[in-house]
Amino acid sequence: MRMPRLWKHPEPHHADSLVGWLGRRRARLLVGALAGLPLVGAGWIVITGLLARDELLASQQALNSLRQQIAAGPPAEVPVGNAMPVKRGPDAAVRAAAAHAARAHRLTTGPAWYSAAHVPVLGGPVRTVRGAAEAAERLTRDVLSPLADTATELTTDTAKDGGHLNLSVLRRAAPALGQASRSASDVRTEVDELPRRTWLPAVDRARAQLAERLDRIVPATVDAAAAARVMPSMLGERGPRRYVVVFENTAEARGTGGLPGAFAVLTADRGRLAFEHFGNDTEMADAVAAVDLGDEYAASHGHNAPTTTWVNSNLSPHFPYAARIWTAAWEDHTGRKTDGAFALDPSALSGLLAASGSVRLPDGTAVTAANVVDLTERSSYAAYPDTRQRKAFFLDVARAVAGRLLGVANDPERRPALLAALSGQLREGRVKVWSAHPSEQRELGRRPYGGALPDTSDPFAGLVVNNAAGTKLDYYLDRRLEWAPGRCVAAGREVSVTVDLTNRAPASGLPPYVTQRLDARPYRTRPGDNRLLVSYYASKGARLAEAALDGRPILVNQAVERGHPVYTLDLELPAGATRTLELHLLESPSDRPLSLLRQPMVRPLRATVRPYPSCGN
Amino acid sequence: MIKSSPWRAVVAATAATFVAAVPLTNAQFAYADAPTNVYQPYPPELITASVPAGGAIYFGAEGFEPEEVVTASLDPEFSTALSGPPRSGGGGGGGDECEDQDATYQANTRGTVFGCFQVPKGTPPGPYLFTLTGEESGSVSAPVTVTARNGHGDGHGHGHGGGWRSADGASLPMEGGIEGQPGTVKVAGNGKTLALRTGAAEEQPGSIGTSQREGLALAGYDSTSHVSGSTVPTETDSGLNWVLLGGAAGLAAVAVKTVTVVRRRHARTEQG
């Protein structure tokens with residue numbers, strides 16, 4: 001730009017024009033500045049936005065490597081107790097992630113970001129990026145850091161009398177973990193309030209991914225906080241504890257999962273765990289559980305003698321019922337009181353073995369994450385035609401796996417991977433817990449691993465099957481559930497539930513013990529045909545309008561359990577057949593998300609929940 | 001023609017053995033595949049009402065037209081099991097007795113009907129369907145197992161039956177306090193619900209593992225329906241029981257008649 005040569009034109013007649021020129025120039029500059037400022041601001045936002053993106057990716061990468069490190073655990077061939085290769089601890093990884101997230105947050109603050117975020121329409125993506133960076137910082141600082149600190153402390157500061165959990169560390173961590181879970185919920189709420197749909201799809205996708213991660217993190221932090229509150233006392237901080245641990249055989253379905261076959265008694269004393277007894281259902285054949293579960297329970301299940309017939313003790317999906325029967329039966333059998341009960345199935349063992357590593361049985365058979373389900377629920381029936389030998393084999397598996405898991409639980413280096421796997425199984429409800437101590441049970445009962453039917457009136461759908469044939473054919477059972485809300489009418493919302501059950505058992509080649517029928521039936525069956533009591537647990541207050549089986553109207557048995565209407569059908573399910581149950585219900589209108597009961601079985605439930613708009617009230 | 005006493009003994013023993021073998025045969029069918037000496041209790045079953053012959057069924061149902069005339073009936077669940085439906089009325093043998101033994105009822109203005117149905121005392125034990133049929137709106141059914149007279153269920157039903165009727169239709173059966181009561185069986189569908197109670201379904205310690213049970217009703221699975229996958233129940237165990245029992249009784253009658261005829265002839269011969 002050419003500047004005016006003022007010193008060569010001092011004449012007075014030029015002064016006015018000079019002033020005018022300067023005024024115009026200033027105005028031009030002002031206009032230019034005003035016009036350029038948004039451009040400069042936009043440029044600033046783009047540059048700092050890209051830098052913030054890099055910081056957030058770096059933060060994410062640090063957390064991903066930490067997750068992989070925890071999941072992998074130490075190499076399996078390293079003997080227990082040996083020195084492990086030095087690795088960066090979880091606290092260091094989380095701190096690195098927190099530092100990156102903090103830088104990202106700083107980069108997205110300031111007048112330019114503040115102003116841009118408040119521009120209508122155009123400011124949507126800016127607001128989302130700003131909010132996401134702040135959420136990432138809070139997540140790493142207020143949520144993950146306390147979790148990592150606790151994990152590090154639990155790993156390094158083990159009990160003086162062995163490598164088991166240091167309960168005092170866990171108890172001290174409880175308040176911080178509680179605060180972390182509250183912070184996680186707050187962050188989730190804030191992310192929910194960010195714009196979901198802007199003119200920049202990439203930003204929308206990033207927000208959705210963050211929300212999805214938070215959906216996994218929030219319950220995990222809630223579980224961790226709850227664990228810190230109840231685990232010290234449950235693991236015997238104030239005195240020895242004793243628990244019944246039941247291994248459910250999901251090849252024969254029961255309400256909580258599968259038939260209670262093998263079981264063990266677990267003791268916990270100041271964090272030190274040990275199994276003191278292993279047994280199977282035959283041992284409990286004569287046990288009588290002196291427990292009164294109320295008239296409602298008796299009306300639904302009493303005719304099947306659940307308190308005197310061990311294998312019918314868990315017909316209801318409400319796990320506390322089964323746990324109370326098991327603990328009372330054990331007391332009747334041995335005269336010893338227990339403090340609670342756990343239940344898990346071979347699929348849960350598979351998940352835990354993936355973290356702990358495989359184990360060998362006395363006969364040399366390898367039990368791995370990949371084969372434990374097939375080994376215990378299918379191939380063992382062919383390998384051991386003698387029932388006694390097979391039940392002994394189940395106990396061998398239970399003993400070996402339990403020993404392996406305890407060994408890893410007492411190894412501080414390998415424990416985080418096992419706890420992470422256990423946490424996953426708990427959240428899926430494949431491992432269930434009940435405490436006979438009311439203060440602990442109040443905490444457990446609200447969690448997925450408490451296995452309790454919900455007390456709320458929120459929409460609920462629960463498909464529950466009980467094997468009514470005495471077969472082991474539920475290994476081959478496919479379940480599909482569709483929950484589809486319909487019209488809103490004066491009396492509520494119409495809901496259609498469609499259940500498809502398919503028996504995929506082969507037509508031949510199965511061992512007799514798998515296909516044998518113990519039920520009384522007034523019709524002939526073929527090997528491989530199965531019979532189920534199919535129950536649908538509906539939302540509280542629901543009413544059945546119509547029911548149909550394979551397109552034909554039917555009547556179904558109706559009961560109530562813990563406020564939920566229960567519709568049950570006695571269903572013959574031939575080998576290779578699919579049968580379809582349709583229920584048309586009238587439920588209270590609600591905008592709350594549907595709560596789905598997933599009965600843990602061999603094959604996962606395939607559930608579809610159709611979206612439901614508000615009924616307008 | 002049988003003449004000698006050894007032959008008489010053989011025929012009588014054969015008849016007796018045949019008769020005695022019937023329940024044993026059925027038991028063998030039930031346990032044909034089950035390994036012995038292993039804890040294998042009965043699998044769970046759907047709750048069904050159980051009432052002794054001559055007893056009473058107390059019911060409440062909704063979904064009928066207002067003031068509709070409703071007829072109650074008790075029909076064998078499997079047509080091969082019995083020769084014909086029992087008549088209502090004629091109770092007094094099984095414990096409870098309905099005040100009004102007519103099997104016709106009238107729904108109230110809300111389409112709800114309450115009542116007491118007398119199971120005829122001569123009703124053979126077995127699986128039945130208790131059905132309420134409205135003149136206009138159709139029917140609703142629930143499975144009921146009729147046991148031998150003086151079976152369990154005696155003396156449990158009066159209070160419940162009276163209680164339902166005292167509600168006078170003001171509250172529906174499912175809302176009137178019987179929900180969740182042991183012994184109550186309730187079915188729903190087709191726009192109707194039916195709750196019935198005979199007072200016989202308390203938990204029996206060890207009953208599942210030890211008792212011999214009746215053939216069971218399958219909701220949604222009738223004896224003539226075709227099931228996906230081509231498994232069709234063509235014949236019932238209870239039907240087979242009756243055929244075998246009839247055959248045994250016939251054989252026994254022939255044997256007794258033969259023995260009688262032979263004895264008379266022998267007596268005449270001796271007299272002669």
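In this predicted model, an open sheet of 9 strands draws on both chains, with the order E17(A)-E8(A)-E11(A)-E15(A)-E14(A)-E8(B)-E9(B)-E2(B)-E5(B) and mixed pairing. The edges are taken by strand E17 (595-598) of chain A and strand E5 (113-118) of chain B; each has a single partner strand, so one side of each is left without a neighbour in the sheet. From one strand to the next, the twist averages 25 degrees.

Strand E3 (residues 69-76) of chain B pairs with strand E6 (residues 126-134) of chain B in the antiparallel sense, over 7 bridges. Here Val70(B) is placed opposite Gly134(B) in E6(B). E6(B) also pairs with strand E7 (residues 138-147) of chain B, again antiparallel, through 9 bridges. E6(B) and E7(B) make up a hairpin, with 3 residues between them. Thr133(B) has Ser139(B) in E7(B) as its bridge partner.

Turning to chain A, the domain assignment gives domain 1 (43-70 + 87-234), domain 2 (241-444) and domain 3 (456-609). The centres of domain 1 and domain 2 of chain A, taken over C-alpha atoms, are separated by 35 Å. Their contact takes 19 residues from domain 1 of chain A and 21 residues from domain 2 of chain A. On the domain 1 side, helix H4 (124-156) and helix H6 (201-234) of chain A each supply at least two residues. The largest share of that side comes from H6(A), with 8 residues. By class, the domain 1 side that touches domain 2 of chain A has 10 nonpolar, 7 polar and 2 charged residues.

H4(A) and H6(A) can also be followed through their packing with each other and with helix H5 (residues 167-192) of chain A. The axes of H4(A) and H5(A) come within 9 Å and cross at roughly 165 degrees. The two helices are therefore roughly antiparallel to each other, and H4(A) passes H5(A) in a left-handed crossing. Among the residues of H4(A) in this contact are Gly131(A), Ala135(A), Arg138(A), Val143(A) and Leu147(A), while those of H5(A) include Val169(A), Ala173(A), Leu177(A), Ala184(A) and Val191(A). The contact of H4(A) with H5(A) divides into 15 nonpolar, 3 polar and 4 charged residues.

For H5(A) and H6(A), the axes come within 8 Å and cross at roughly 155 degrees. That crossing makes H5(A) roughly antiparallel to H6(A). The crossing of H5(A) and H6(A) is left-handed, and their contact counts 20 nonpolar, 4 polar and 4 charged residues.

What angle do the axes of H4(A) and H6(A) make where they cross? They cross at roughly 25 degrees and come within 11 Å, and H4(A) and H6(A) are therefore roughly parallel to each other. The crossing of H4(A) and H6(A) is left-handed. Contributors from H4(A) include Pro125(A), Val129(A), Ala132(A), Ala135(A), Val143(A) and Leu147(A), facing a set from H6(A) that includes Val203(A), Arg207(A), Leu210(A), Ile217(A) and Ala224(A). The contact of H4(A) with H6(A) has 11 nonpolar, 2 polar and 1 charged residues. Ala135(A), Val143(A) and Leu147(A) of H4(A) take part in the contact with H5(A) and also in the contact with H6(A).

Another open sheet lies in chain A, where 5 strands follow the order E3-E2-E1-E4-E7 with mixed pairing. Strand E3 (272-279) and strand E7 (431-435) of chain A stand at its edges with a single partner strand each, so one side of each is left without a neighbour in the sheet. The twist averages 25 degrees from one strand to the next. Strand E1 (residues 241-254) and strand E2 (residues 257-269) of chain A run antiparallel and are joined by 10 bridges. In this pair, Arg254(A) is found opposite Gly257(A) in E2(A).

Key:
Residues numbered from 1 in each chain as written. Chains lettered and ligands numbered in written order. Predicted model: local features only at pLDDT ≥ 70, side-chain atom pairs only at ≥ 80, totals over all residues. Pairing = 2+ DSSP bridges. Helix = DSSP H or I, 4+ residues; strand = E, 2+ residues; numbered from the N terminus. Axes fitted to C-alpha atoms, helices over the stretch in contact; angles between N-to-C directions. Domains from an automatic or database assignment. Contact = placed C-beta atoms within 7 Å. Nonpolar A, V, L, I, M, F, W, Y, C, P; charged D, E, K, R; others polar. Parallel < 35°, antiparallel > 145°, perpendicular 65-115°, else oblique. Left-handed = near helix turned anticlockwise from the far one by under 90°.
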